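Welcome! Here is a short briefing to read alongside the sequence and the 3D view.

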2 protein chains.
Amino acid sequence: MKRLAILGSTGSIGQSTLSIVEQFPERYAVAALACGRNLNEAFVQAARWRPKVASMATEELADRLVARLRDAGVTGIEVVHGTQGTVACSTLPEADFVVSAIVGVAGLEATHAAILAGKPVGLANKECMVAAGEILTQAAHEHKVPILPIDSEHNAVHQCLRVGTHAEIKTIWLTASGGPFRQTPLEQFASITPEQALKHPTWVMGRRITIDSATMLNKGLEIIEACRLFDVRPSQVRVTVHPQSTVHSLVEYVDGSILAQISVTDMRLPILYALAYPERPASNLTFDLAALRHLDFEEPDFERFPCLRLAFEAAEKGGAHCIALNAADEVAVEAFLERRIPFTGIPRTIEEVLASTPEVHPATIAEVLATDQEARQSARALLT
Amino acid sequence: MKRLAILGSTGSIGQSTLSIVEQFPERYAVAALACGRNLNEAFVQAARWRPKVASMATEELADRLVARLRDAGVTGIEVVHGTQGTVACSTLPEADFVVSAIVGVAGLEATHAAILAGKPVGLANKECMVAAGEILTQAAHEHKVPILPIDSEHNAVHQCLRVGTHAEIKTIWLTASGGPFRQTPLEQFASITPEQALKHPTWVMGRRITIDSATMLNKGLEIIEACRLFDVRPSQVRVTVHPQSTVHSLVEYVDGSILAQISVTDMRLPILYALAYPERPASNLTFDLAALRHLDFEEPDFERFPCLRLAFEAAEKGGAHCIALNAADEVAVEAFLERRIPFTGIPRTIEEVLASTPEVHPATIAEVLATDQEARQSARALLT
């Protein structure tokens, strides 16, 4: 029985994780839920799963959750709050495995703390690896803690890497759906609206990640994540546009063999893989290979999607440049969604912020967070 | 340094194996060459590679090879002949690894002897597994001898099986090019000529295997081979038609993940994999994934290709039925190439031979060979 601490339990990955716990009650239980701001969902989850600890974003929300649980006659749940509360969840002695699914750098401290506490981590939060990958992988190495990627691409890579050694890796090929603007003429990019960009062809996801898919910055973050997770150079990572999102990624070995992972586009599968690794429990998440007709692959267009180039450049420089890439994008996406900048303003903002970012390598989480704040400020300064 | 005994060294797989030895002189050397009937090629190979033993099909050919080597001033090679000669090669104490690449059941005794002598086998001969898979896998198990498939499909499966356990296998998907008649209207099958059938769209191979690809009996033999090599039931093996022959096969796991292996269509890759396993030496056999455009998959048409159905039925019955499937096909293909029967006569002959085959399970290689002879005779009797 694995007892889980789920960071970001009310989000999409968190809810999918709980549906896996529901399907495999003999394998998984809930030890802690870090819930954020969604009080209703937090109450439903806490009442249903009876974790030892539940955490809310603020003290006020925590008090309200306590009241609702008391009114419902639910006892025995310690309710905490803030970053400290999330860390209490991720380091809870009763938790055997931490699912890190808080979006953005907000989950960084708790994920780092989980690793320092020796807990295996299922990582769904790509910003953690992008902003602090050097620190997290070093800590994981020192504490002999496995980090299992829950991102569908990196999960696929993790699977494909089991058939060879690290020295035998030639290229990690991340597949990209190409987003909704794969075939949009370049001259129309400046007039793309938030409504158009929020329609993703294959995955239903949060707003920022959907826009990041449309700019392919999302794939750029994954390039950096792959370098850190699998200890490869940026030149060993390539992107292939695969509109069907059926092949989730591929690994090319030095002997010439390429291994690919194929499955349904359902996040429960990589979650189950990470939770059960190295086992593979039988699931109903089957892919109908007999119904497979065509798989298409094409090279990404770096002109349409300058964010890809920016990500490769940031990956080469590492450190502060990766942090700034992510931070500037988050600010720019917000501005785009608020119609303050055009779609093409997103890469432009990132590029300008990167141009003024020093080539330094933050050595602590505090330094990472400070660098993140600086990049956000310089992005905001550009956009006002 | 691995010293190889190559059974069938003058054939296509044998020559590809020697080209791998040439490319990796620090890894591989030649201990024995079982050459068959091609005296010129046998002489060139023996003079080049200086094996300890070389074997020819007959005593007369062996004498002629001795004479040619003597005239050329090549000394120190023991020349033997016949089945005993092949066995001498496959059991040579100086050999560390046996490549079994003699076409048909001719290589069966020597392959069995290699396993009994405790030598790892790279198996390129699918008839061995089809006719005597039960005996060979049992012997390999008892002598703890690995059998590494060199067939591109089974080699792909072997790679994909490294990311899960045996109990986690749901379905092994063998890809099939579909052969030259994938889209030929059913009513034209009776008038297909040997010339048409000998034109394979993706692989250049021997005559029988090319016809077997056109009838898809080849895929049928591979279904049986997969059952034996990987210890799965026929219902766990399925075929998907993939005209590009780029995905060499796939394994579907119970959790819903499917792993696929992709590479160039060059037999040197599976040969290198088998020789080097579990290592992957760097090779120049690279596949240009960036140039990949479309991969197509479709369900096989059991009406056009009745050999597939016959193979699944034989796989279910096992023993003599698998032997008879292969033997009857070999006789029928010969008759088709000599224009004595139509293309559609191949499955008809096999079906009739299978109908009169008893459900027995030969327990020794001698019994296998006797059953094989009986099936050939009953096929010949049908065709005269």
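How much area do chain B and chain A bury between them? About 3,700 Å², with 54% of it on carbon and sulfur atoms. Please keep in mind that this is a predicted model.

**Where the chains meet**
- The contact between the chains brings together 44 residues of chain B and 44 residues of chain A.
- On the chain B side, B:D255, B:R280 and B:L289 supply 19% of the area buried against chain A, more than any other three residues.

**The two domains of chain A**
- Chain A is divided into domain 1, residues 2-149, and domain 2, residues 154-317.
- The centres of these two domains of chain A, taken over C-alpha atoms, are 26 Å apart.
- Their contact takes 23 residues from domain 1 and 25 residues from domain 2 of chain A.
- About 2,300 Å² is buried between the two domains of chain A, and carbon and sulfur atoms give 66% of that area.
- Within domain 1 of chain A, the residues that lose the most area to domain 2 are A:K126, A:V130 and A:P149, which together make up 28% of what that side buries.

**The second largest pocket**
- The second largest pocket holds about 870 Å³ of space.
- It is lined by 43 residues, and those closest to its centre are B:K126, B:D151, B:M205, B:G206 and B:I209.
- Several elements of chain B give two or more residues to this lining, including α1 (12-23), α6 (126-142), β8 (169-176) and β10 (247-253).
- Helix α9(B) gives the most to the lining of this pocket, with five residues.
- By type, the lining of the second largest pocket divides into 15 nonpolar, 18 polar and 10 charged residues.
- Both domain 1 (2-149) and domain 2 (154-317) of chain B take part, each giving at least three residues to the lining of the second largest pocket.

**Two buried residues**
- B:L7 sits in strand β1 of chain B, which covers residues 2-7.
- B:L7 counts as buried because its relative accessible area is 0%, under the 20% limit.
- Beyond its sequence neighbours up to four places away, B:L7 touches a set of residues that includes B:A34, B:T86, B:C89, B:V98, B:I102 and B:T111.
- The C-alpha atoms of B:L7 and B:A124 are 9.8 Å apart, although the two residues are separated by 117 residues along the chain.
- A:N326 belongs to helix α13 of chain A, residues 320-337.
- With a relative accessible area of 0%, A:N326 is buried too.
- Leaving aside neighbours within four places in sequence, A:N326 is in contact with A:V105, A:E127, A:V130, A:R208, A:L221, A:D372 and A:R376.

**Backbone details to look for**
- Most residues other than glycine have a negative phi, and most peptide bonds are trans.
- In chain A, the peptide bond joining A:Y277 and A:P278 is cis, with omega about 5°.
- A:P278 lies in the loop between α11 (268-276) and β12 (294-296) of chain A.
- In chain B, the bond from B:Y277 to B:P278 is cis, with omega near 5°.
- A:R339 has a positive phi, near 60°, and is not a glycine.
- This arginine, A:R339, is in the loop between α13 and α14 (345-355) of chain A.
- A:R339 counts as exposed because its relative accessibility is 53%, over the 50% limit.
- B:R339 also has a positive phi, of about 60°, and counts as exposed at 53% relative accessibility.

Technical notes. Residues are numbered from 1 along each chain as its sequence is written. Chains are lettered from A and ligands numbered from 1 in the order in which they are written. This is a predicted model: local features need pLDDT of at least 70, side-chain atom pairs count only at pLDDT 80 or more; totals for chains, interfaces and linings use all residues. Side-chain values use heavy atoms; hydrogens and water are left out. Helices (H or I, at least four residues) and strands (E, at least two) are DSSP runs, numbered from the N terminus. Buried means under 20% relative accessible area, exposed over 50%, partly exposed in between (1.4 Å probe, protein chains only). Contact means heavy atoms within 4.5 Å. On a 1 Å grid over the protein atoms alone, a cavity is a set of points where a 1.4 Å probe fits but cannot get out, and a pocket is an open set with protein on both sides within 12 Å along at least five of seven lines; lining residues have an atom within 4 Å of a point. Grid points are joined across faces, edges and corners, and a volume is the space filled by probe spheres set on the points. Ala, Val, Leu, Ile, Met, Phe, Trp, Tyr, Cys and Pro count as nonpolar, Asp, Glu, Lys and Arg as charged, and the others, Gly among them, as polar. Domain bounds come from an automatic or database domain assignment. Buried area is the accessible area (1.4 Å probe) that two parts lose on being put together, summed over both.
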